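The following note sets out some remarks on the structure shown below. The points run from the whole chain to individual side chains.

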Amino acid sequence: MQSAFTSYFSKFMGVSPDAELIRILVSMRLQGYMELIKGDYTVEERIRLAREIGIHADAGTMALIKYLNGQKEVYRK
């Protein structure tokens with residue numbers, strides 16, 4: 001998952017993103033999906049919540065990429 005996130009960010013940023021940032025973002029995404037597994041939800045609720053989590057994640061990812069592209073000094077090599 002870290003590799004996929006790194007590739008996605010690199011595609012839109014033109015440089016490799018901060019590896020620690022990617023590690024944290026992957027952990028956050030996995031934690032969200034673990035809540036769906038641990039929670040007392042019906043299949044329909046899990047599907048709806050997973051879709052909504054994905055929409056939130058996509059919008060947040062694009063906002064973060066936009067921010068990082070404007071803040072090149074943020075990157076750690």
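Accessible areas here come from the Shrake-Rupley method with a 1.4 Å probe.

1. Surface. The structure under review is a predicted model. On that model, the accessible surface of the chain comes to about 5600 Å². Carbon and sulfur atoms account for 61% of this surface.

2. Secondary structure. The chain has three helices and zero strands. Its order along the sequence is accordingly written as α-α-α.

3. Overall dimensions. The radius of gyration of the chain is 14 Å, whereas a compact globule of 77 residues would have a value near 11 Å. The C-alpha trace spans about 45 × 20 × 15 Å along the principal axes of the chain.

4. Of the 77 residues in the chain, 23% are buried. Among contacts in the chain with a separation of 6 or more, 48% are made by residues 24 or more positions apart.

5. Charge. The chain carries 11 positive and 9 negative side chains. The centres of these two sets are 8 Å apart.

6. Aromatic pairing. How many aromatic pairs does a search of the whole structure find? The search returns one. The pair consists of Tyr8 and Phe12, whose ring centres are 4.9 Å apart. Their planes meet at 55°, so the pair is classed as tilted; the tilted class applies because planes under 30 degrees apart would count as stacked and those over 60 as edge-to-face.

7. Setting of the pair. Both partners belong to helix H1, which covers residues 2–13. Tyr8 and Phe12 are four residues apart in that helix, and therefore about one helical turn separates them.

8. Ser3. This residue is likewise found in helix H1. What is the exposure class of Ser3? With a relative accessibility of 56%, Ser3 counts as exposed, the cut-off for that class being over 50%. Ser3 and Met13 are ten residues apart in sequence, and their C-alpha atoms lie 15 Å apart in space.

Note on methods
Residues are numbered from 1 along each chain as its sequence is written. This is a predicted model: local features need pLDDT of at least 70, side-chain atom pairs count only at pLDDT 80 or more; totals for chains, interfaces and linings use all residues. Side-chain values use heavy atoms; hydrogens and water are left out. Rings of Phe, Tyr and Trp (its six-membered ring) pair if their centres lie within 6.5 Å; planes under 30 degrees apart count as stacked, over 60 as edge-to-face and the rest as tilted. Helices (H or I, at least four residues) and strands (E, at least two) are DSSP runs, numbered from the N terminus. The radius of gyration is taken over C-alpha atoms; the globule rule is 2.2 Å times the number of residues to the power 0.38. Buried means under 20% relative accessible area, exposed over 50%, partly exposed in between (1.4 Å probe, protein chains only). Contact means heavy atoms within 4.5 Å. Lys and Arg count as positive and Asp and Glu as negative; His and the chain ends are not counted. The place of a charge is taken as NZ of Lys, CZ of Arg, CG of Asp or CD of Glu.
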